[in-house]
Amino acid sequence: MGYKVAVVGATGNVGREMLGILAERSFPADEVVALASRRSLGTECTFGDRTLKVKALEHYDFADVDICLMSAGGAVSKEWSPRIAAKGAVVIDNSSAWRMDPDVPLVVPEVNADAVAGFAKKNIIANPNCSTAQLVVALKPLHDRAKIKRVVVATYQSVSGAGKDAMDELFSQTKAVFTLDEVQTKKFSKRIAFNVIPHIDTFMEDGSTREEWKMMMETKKILDPKIKLTATCVRVPVFVGHSEAVNIEFENPITADEAREILRAAPGCLVIDKREDGGYVTPYESVGEDATYISRIREDATVDNGLSLWVVSDNLRKGAALNAIQIGETLINRKLIQAKKKAA
Ligand SMILES: NC(=O)c1ccc[n+]([C@@H]2O[C@H](COP(=O)([O-])OP(=O)(O)OC[C@H]3O[C@@H](n4cnc5c(N)ncnc54)[C@H](OP(=O)(O)O)[C@@H]3O)[C@@H](O)[C@H]2O)c1
């Protein structure tokens with residue numbers, strides 16, 4: 001007998017991807033329920049070759065749910081995750097609500113799978129921000145070899161990272177430009193079509209944005225608190241797939257050839273690095289894929305033990321849905337949870 005899995009936010013960008021990945025990976029679920037807001041009550045979601053009718057979160061009884069994949073934003077998670085967890089379901093949350101809570105593990109299975117065991121304090125496990133997830137998958141094997149001191153990263157983040165309304169805004173603005181209509185801006189602070197915006201999430205007192213702060217804090221929590229990281233997070237007019245230009249300073253020597261070999265063998269990484277036209281990965285090619293792609297690996301001669309890389313991944317998969325489902329698989333494979341029906 002398998003598990004009962006609830007997907008909260010099933011009509012959203014991440015939730016839809018979760019349903020797809022649960023089916024693709026034959027997740028050991030006997031039953032999957034799709035939940036969203038009251039607005040979506042009765043609408044349909046695809047789950048493999050089946051269709052699920054969406055139910056409303058506020059009226060749902062989680063008593064027999066084993067795993068709840070939560071992807072409905074921070075405010076919904078703050079209110080609902082503790083209630084769902086109190087019913088005995090393990091909540092794997094995609095929002096930023098619980099990531100820095102010391103009693104909640106923040107997990108990327110390729111990097112810190114052992115941390116999953118700490119879920120029992122609150123019955124909640126946090127999934128990192130999309131830009132952090134792909135970054136730490138690439139950093140971990142290099143850190144193990146040569147010890148990272150400092151990382152400087154600039155991100156090129158797709159609009160799907162800001163939800164389905166943001167994707168609609170890029171589409172409608174692009175159309176408006178071609179049809180000479182007025183370009184309307186709602187979700188983003190400036191026009192995103194044919195533009196880039198150096199601002200994601202809210203501004204903090206020191207001038208950085210919360211997205212940049214999250215990358216720094218989450219990398220420390222997942223990988224190593226000693227790593228110094230500074231980020232500039234930029235929204236670009238790409239629908240799906242986040243890219244990152246990453247500069248790393250190590251304590252110990254490491255060559256580009258060594259880094260390429262290490263990354264080729266590392267879990268979750270796929271190196272595409274030919275020093276020729278097109279010998280690298282772009283976000284468009286990462287769509288629908290599970291890997292974190294690494295290209296443009298080269299030495300940075302301006303510092304001791306420096307490397308630069310280009311890191312690309314599908315933000316809705318490794319950055320969100322896939323990582324959450326891998327956490328669920330880790331819980332099951334390590335026998336940290338048991339299906340309630342089986343236990344009864
Ligand atoms: N997109 C990414 O790359 C990414 C990566 C990492 C983490 N995340 C996080 O994942 C979460 C979801 O992101 P998304 O991109 O999927 O957003 P989205 O496309 O805007 O979808 C939001 C989902 O939340 C549901 N929802 C909103 N209010 C609700 C409520 N009161 N009760 C129940 N359900 C409610 C929506 O249901 P309705 O359709 O009924 O409104 C929808 O299913 C966010 O916390 C985001 O920060 C996203």
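## Nonpolar cores

A nonpolar core is a set of buried Ala, Val, Leu, Ile, Met, Phe, Trp, Tyr and Cys residues joined through side-chain atoms within 4.5 Å. The model described here is predicted. Its largest nonpolar core has 57 residues, of which Phe62, Ile84, Leu142, Val151, Val246 and Ile248 touch the most other members. Helix H4 (residues 130–146) supplies the largest share of this core, eight residues. A second, separate core holds 46 residues, including Ala36, Phe47, Ile192 and Ile332.

Leaving aside residues up to four places away in sequence, Val246 touches Leu135, Leu139, Val151, Val152, Val153, Leu307, Ser308, Leu309 and Val311.

## A buried threonine

Thr219 is located in helix H6 (residues 210–222). Thr219 counts as buried because its relative accessibility is 1%, and the cut-off for a buried residue is under 20%. When residues up to four places away in sequence are not counted, Thr219 touches Thr132, Leu135, Val136, Leu139, Lys214, Asp224 and Leu229.

## Surroundings of the ligand

The ligand is surrounded by 26 residues, and the closest are Thr11, Ser37, Arg39, Ser40 and Lys164. A polar atom in the side chain of Thr11 is 2.5 Å from a ligand oxygen atom. For Ser37, a side-chain N or O atom lies 2.6 Å from an oxygen atom of the ligand. Ser71 also places a polar side-chain atom 3.4 Å from an oxygen atom of the ligand. The ligand taken alone exposes 900 Å², and the protein buries 81% of that area.

Definitions and conventions. Residues are numbered from 1 along each chain as its sequence is written. This is a predicted model: local features need pLDDT of at least 70, side-chain atom pairs count only at pLDDT 80 or more; totals for chains, interfaces and linings use all residues. Side-chain values use heavy atoms; hydrogens and water are left out. Buried means under 20% relative accessible area, exposed over 50%, partly exposed in between (1.4 Å probe, protein chains only). Helices (H or I, at least four residues) and strands (E, at least two) are DSSP runs, numbered from the N terminus. Contact means heavy atoms within 4.5 Å. A residue is near a molecule or strand if one of its heavy atoms lies within 4 Å of it. A polar contact is a pair of N or O atoms within 3.5 Å; within protein, one must be able to donate a hydrogen and the other to accept it, and residues adjacent in sequence count only if both atoms are side-chain atoms. Accessible areas come from the Shrake-Rupley method with a 1.4 Å probe; for residues, only the protein chains shown count as cover.
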